[in-house]
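User: I'd like to go through the labels on this fold and see what backs each one up. Can you take them one at a time?

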Amino acid sequence: PKDQVAFGATVKLKDSWGDEEIYTLVGAGDEDYENGKILSSSPFGVALMGKKVGEIVEIQAPRGTLKYEVLSIEFEE
């Protein structure tokens, strides 16, 4: 489904401070954290899977719970 986060999706998120971030979910060997390519199997990637625009994603991190709102989901053609 193109309306929810899945492998290969590029996702724009807004964090609780209002900053926007863009990530692409990739497979092992293609990750490049400095350029926003994160493993779909990472805790962050797993938390994003299946989310839709407008939903809030909560990710447990060592410094506490991080919250992001999904602003857009795109797939390369």
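**Strands, contacts and core**

User: Where does Thr 24 sit?

Analyst: Keep in mind that this is a predicted model. Thr 24 lies in strand β2.

User: What makes the link between the side chains of Thr 24 and Thr 10 a polar contact?

Analyst: The cut-off for such a pair of N or O atoms is 3.5 Å. The two side chains come to 2.9 Å, so the pair falls within 3.5 Å and gets the name. Thr 24 also touches Gly 8, Ala 9, Gly 36, Lys 37 and Ile 38, among residues beyond four places away in sequence.

User: How do you know that β1 and β2 pair?

Analyst: Pairing takes at least two bridges. Strands β1 (residues 10-15) and β2 (residues 20-26) are joined by 5, so they pair, and they run antiparallel. Leu 13 stands opposite Glu 21 there. Between these strands the hairpin has 4 residues, and Gly 18 has a positive phi near 90°.

User: Why are β2 and β3 called paired too?

Analyst: They share 3 bridges, and at least two are needed, so the label holds. This pairing is parallel, with β3 covering residues 37-39. Leu 25 is opposite Ile 38 in β3.

User: Which residues have the most contacts inside the largest nonpolar core?

Analyst: Val 5, Leu 13, Phe 44 and Leu 48, in a core of 17 residues. β5 gives the largest share, 4 residues. As for Val 5, its contacts beyond four places in sequence include Val 11, Leu 25, Leu 48 and Ile 73.

Note on methods: Residues numbered from 1 in each chain as written. Predicted model: local features only at pLDDT ≥ 70, side-chain atom pairs only at ≥ 80, totals over all residues. Heavy atoms only, no water. Polar contact = N/O pair within 3.5 Å; in protein donor to acceptor, adjacent residues only side chain to side chain. Contact = heavy atoms within 4.5 Å. Core = buried A, V, L, I, M, F, W, Y, C linked by side-chain atoms within 4.5 Å. Buried < 20%, exposed > 50% of the residue type's maximum accessible area, 1.4 Å probe, protein only.
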